Amino acid sequence: MDDLAAGDPSHIGPFRLLGRLGAGGMGRVYLGRSAGGRVAAVKLVREEYAHRDQFRARFAREVTAARQVDSQWTARVLDADARAEIPWVATAYVAGPSLQDVVERDFGPLPEPSLPVLGHRLALALADIHSAGLVHRDLKPSHVLLTLWGPRVIDFGITGALDASAGPGVVVGSPGFMSPEQLRGEPVTPAGDVFCLGVVLAYAATGRMAFGRPDDGLASMMLRVAHEEPDLVGVPAQLLPVVRACLHKDPARRPTPGQLAEHLAYGSAGDFWLPREVQLQVARHDAVLRNSGLPAGHRRQQYLPPVPEDEYRPDPPPPPPAAYRPAPGPPRPPRPQKRRRRTGALLLALALVALVATWLVVRYVT
């Protein structure tokens, strides 16, 4: 997060701004905190769009629909104002780095066990977004935030407002993460989001864009998206059929998000879906940003996530030696039973001998 710059507002709606989270084609994103302590990502659209009546009308409709999305795997829309001098929208703050930052800067491609969990959760998020009558239109690694419990999809629905006001012949989206029909300027459908999901999964598995980078030539990359097969070298064999199905050129041949979620359900179990290094990064990211703008006495202690025993937990130290206690003496052994029986027999024999001797004395003496 960067500090607020000169010219940045101090407040947007009910949110006091604490810093800049980033910027994109739609506008700038700030970290804000409400008077009640709720942390939000507040997006202020670019001023040039604020003067387009068509943009404002579509923005209001898209935000209204986005507020109906109730999904565990998306960032919930908290508030918005399409009539403000500069329209804005606030979503629940997701404490975690983007998939793009993790793969390109901090860690590299995700390990194989993490990939089906990622795909399963993203499919569920798309299903919920589509159920609200929205199409994301711009699903890409920077719009997927990673948390300890799973990914979260952000910025859904907002791109549609820009797309509606861009004018004929203008394609709105992110090169390398658009479907063939989107590149051709055709109407965008939920199947287009499924194509983007396939590109995101391939990127998470390999660290590469399936159709090349825009730096290699935007025109050639767009040609590959429309007509050539993707580069899927490095995608795990178990995931490869799913990614190929998502990247089918024909939208009607792609699976639905519901079908994808069902197929990837084997990745839905388990809490430790990220490698330990990424878990720690997510926890520190959470601690730093959630403490922003708070007095020192109100700051939360940094939370470090639990570590799964079977893979990441170090060997525990040996237990300390017990306190010294003198050992008790050996117990007295019990008296053998055979010895007691022998003693009784001897006494009985002596008694008989004494009885016979007394009888003889009495008989012969008297």
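Author: Helices (at least four residues) and strands (at least two) are DSSP runs, numbered from the N terminus. The model described here is predicted.

Reader: How many helices and strands does the chain have?

Author: Counting the runs gives the secondary structure of the chain. The total comes to 12 helices and eight strands.

Reader: What share of the residues of the chain counts as buried?

Author: A residue is buried if its relative accessible area is under 20%. The chain has 366 residues, and the share of them that counts as buried is 45%.

Reader: What share of the contacts with a separation of 6 or more comes from residues 24 or more positions apart?

Author: A contact means heavy atoms within 4.5 Å. Among contacts in the chain with a separation of 6 or more, residues 24 or more positions apart account for 61%.

Reader: What is the order of the strands in the open sheet?

Author: The open sheet has six strands, and the pairing is antiparallel. Read across the sheet, the order is β1-β2-β3-β4-β6-β5.

Reader: Which strands stand at the edges, with a single partner strand each?

Author: A strand at an edge has a single partner, so one of its sides is left without a neighbour in the sheet. This is the case for β1 (11-12) and β5 (77-81).

Reader: Which residue of β6 is the bridge partner of K43?

Author: Strand β4 covers residues 39-45 and strand β6 residues 88-92. The two run antiparallel and are joined by five bridges. In β6, the partner of K43 is V89.

Reader: Through how many residues does the hairpin join β7 to β8?

Author: Strand β7 (residues 144-147) and strand β8 (residues 150-153) pair in the antiparallel sense over four bridges. In one of these pairings, L145 has R152 of β8 as its bridge partner. The hairpin joins β7 to β8 through two residues.

Reader: What is the phi of D155?

Author: D155 is found in the loop between β8 and α5 (158-165). Most residues other than glycine have a negative phi. D155 is not a glycine, yet its phi is positive, at about 60°.

Reader: Is R137 buried or exposed?

Author: R137 is in the loop between α4 (114-131) and β7. Its phi is positive, near 75°, although the residue is not glycine. The relative accessibility of R137 is 13%, so R137 counts as buried.

Reader: Which residues does K140 contact, leaving aside its neighbours within four places in sequence?

Author: K140 lies in the loop between α4 and β7. At 18% relative accessibility, K140 counts as buried. Apart from those neighbours in sequence, K140 is in contact with S174, F177 and V200.

Reader: Which residue with a positive phi follows α4?

Author: Helix α4 has 18 residues and reaches 26 Å from its first C-alpha to its last, close to the 26 Å expected. Of its 18 residues, 14 are buried, and the helix is mostly covered. The residue that follows α4 has a positive phi near 85°, and this residue is G133.

Reader: How many of the 17 residues of α7 are buried?

Author: Helix α7 (residues 190-206) reaches 25 Å from its first C-alpha to its last, close to the 24 Å expected. Just after α7, G207 takes a positive phi of about 80°. The helix is largely enclosed by the rest of the structure, because the buried residues number 16 of the 17.

Terms used:
Residues are numbered from 1 along each chain as its sequence is written. This is a predicted model: local features need pLDDT of at least 70, side-chain atom pairs count only at pLDDT 80 or more; totals for chains, interfaces and linings use all residues. Side-chain values use heavy atoms; hydrogens and water are left out. Two strands pair if DSSP finds at least two bridges between them. The expected span of a helix is 1.5 Å times one less than its number of residues. Buried means under 20% relative accessible area, exposed over 50%, partly exposed in between (1.4 Å probe, protein chains only).
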